[in-house]
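Subject: Structure for you, with notes

Hi,

Here is the structure I promised to pass on. My notes on what turned up follow below it.

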Amino acid sequence: MLGTTPDLGGASRQAELERLGRAVLRTLVQRSETLDDAVTTSYLVDLVNRLRGANAITTGVQSITVFRNPTVNAFVLPGGLIGVNAGLILEAPSESALASVLAHELAHLTQRHVERVFARQSRSGLATLAALLAGALVVRDNPQAAQAAVYSGLAASVQQQLDYSRQNEREADRIGQKFLENAGFRSAGMAEMLQHLSALSGLNARGGIEYLQTHPLTPNRVGEAWERARRQPDTGNAPQPGFALVKQRVAHLLDQHLADSPTADYGAALSQLETDPEASLVHLDRLPEPWREARYSRLLRARALLGAGRTDAADTLFAELERDYPFDYLTHHVKASEHARQGDYARASAVLSRWLRTHPAPNASMLRRTAQYHRAAGDLAESQRWYGEYYAMRGDLERAAAHFSEALKTAEEGSNRHARLSSRLADVTAEINADNAARPGG
């Protein structure tokens, strides 16, 4: 048994904490720019799903949000909401090292460490708990901004959270490293990541690494991770093409340069995709194996083929990708994006709508794009519907209800569409009422 979890107040308390997590994430997204890149998000989701599947983790992960921030950071919020800064991907020395951070956050989630902190604040209402968590995240994002917590009267509570976190880090390391091993990643990846973070913190003269503000690192943690790794066979050393390509992709999106990278031609292909798709194809042909035939390179090739007017070749490659990855949305997302870039919004919206009819939305970005493409194609009713789903997933329930209401006005009474929209509006309204009731004085 990896660990036991406490009773934290029953279903109503848990629902309150999950609403809190959504509210905090919504605030962070409004305050910080996100990296709206389907490939990067899909890659992280795949890593998390691999960890969860190999360890039979039933605790849900509702979403992964990637922030367009070059600093090293990751966090988990109540309700299974994971946030990752792009800088974490850039700084991770290997796929196993990156996966170790996600495994560590999953351990925090399965052991309900965040909720345990709030359980100690048993006399606090939802508003105070929200301020506590937001204050802690301010410290994590920017240590210089910690004074804001002082002015709100929460400095002691924030520090208590940081102190409490120190008691949980070793448990999250131990359980997370076991998650890592069971999923076939290198156990040494966690020790390497901790050691790398320690070195980065020492080089940063302005207060260390943001991730370490609420994940305090001690020499004991590094040493214990290495000791656990030495007891495991050092497997999983083969090149990981997906990791290297995503790292190059993030560097391109953040306008950074990776020195001596074997995937440099992938970055060059990305740079020339819109202006010279033929040159983009040349760069992709120059990629060495195993990167040239890796999934993300093939997706980029399909986009370049469409841009170069080679529609038949692009459609063939997209069909191959759909066959090779039948249960993943990414091929459909990329295909729709390329149709939209060429101005064919009707086809772009049809691609995403077909996927969403039989699969749950993997993230809010796909819902937003579906809404945007329908609007650009002139289908305002469907656009309102998908904007409603987008804002519902983002936790902006008032705006979701407004869009569902507008979509409902265009639906024929008694039709399946009318019934579906009525049900969604009722669900969102019920959640709004629950949120209002949970507020102080509600």
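The protein chain exposes about 19,600 Å², and carbon and sulfur atoms supply 49% of that area. Accessible areas come from the Shrake-Rupley method with a 1.4 Å probe, and for residues only the protein chains shown count as cover. Please keep in mind that this is a predicted model, in which local features need pLDDT of at least 70, side-chain atom pairs count only at pLDDT 80 or more, and totals for chains, interfaces and linings use all residues. Residues are numbered from 1 along each chain as its sequence is written, and side-chain values use heavy atoms, with hydrogens and water left out.

First, the overall picture. The chain has 22 helices and 3 strands; these are DSSP runs numbered from the N terminus, with helices being H or I of at least four residues and strands E of at least two. Of its 442 residues, 53% count as buried, meaning under 20% relative accessible area, while exposed is over 50% and partly exposed lies in between (1.4 Å probe, protein chains only).

Helix H14 (residues 277-286) has several buried residues, including Leu281 and His283. Helix H13 (264-272) and helix H15 (295-307) are among the elements covering the buried residues of H14.

Further along, leucine 421 lies in helix H22 (residues 416-438) and counts as buried because its relative accessibility is 1%. Beyond its neighbours within four places in sequence, leucine 421 is in contact (heavy atoms within 4.5 Å) with Arg385, Phe404, Ala407, Leu408 and Ala411.

Now the rings. The whole structure holds 5 aromatic pairs, where rings of Phe, Tyr and Trp (its six-membered ring) pair if their centres lie within 6.5 Å; planes under 30 degrees apart are stacked, over 60 edge-to-face and the rest tilted. Tyrosine 345 and tyrosine 373 make a tilted pair, because their planes are at 45°, with ring centres 6.3 Å apart. This pair links helix H18 (residues 345-358) with helix H19 (residues 364-376). Tyrosine 345 is partly exposed at 31% relative accessibility, whereas tyrosine 373 is buried at 7%.

Lastly, the charged end of arginine 50 sits over the ring of phenylalanine 185, 3.7 Å from its centre; that calls for NZ of Lys or CZ of Arg within 6 Å of the ring centre and within 35 degrees of the ring normal.

Best wishes
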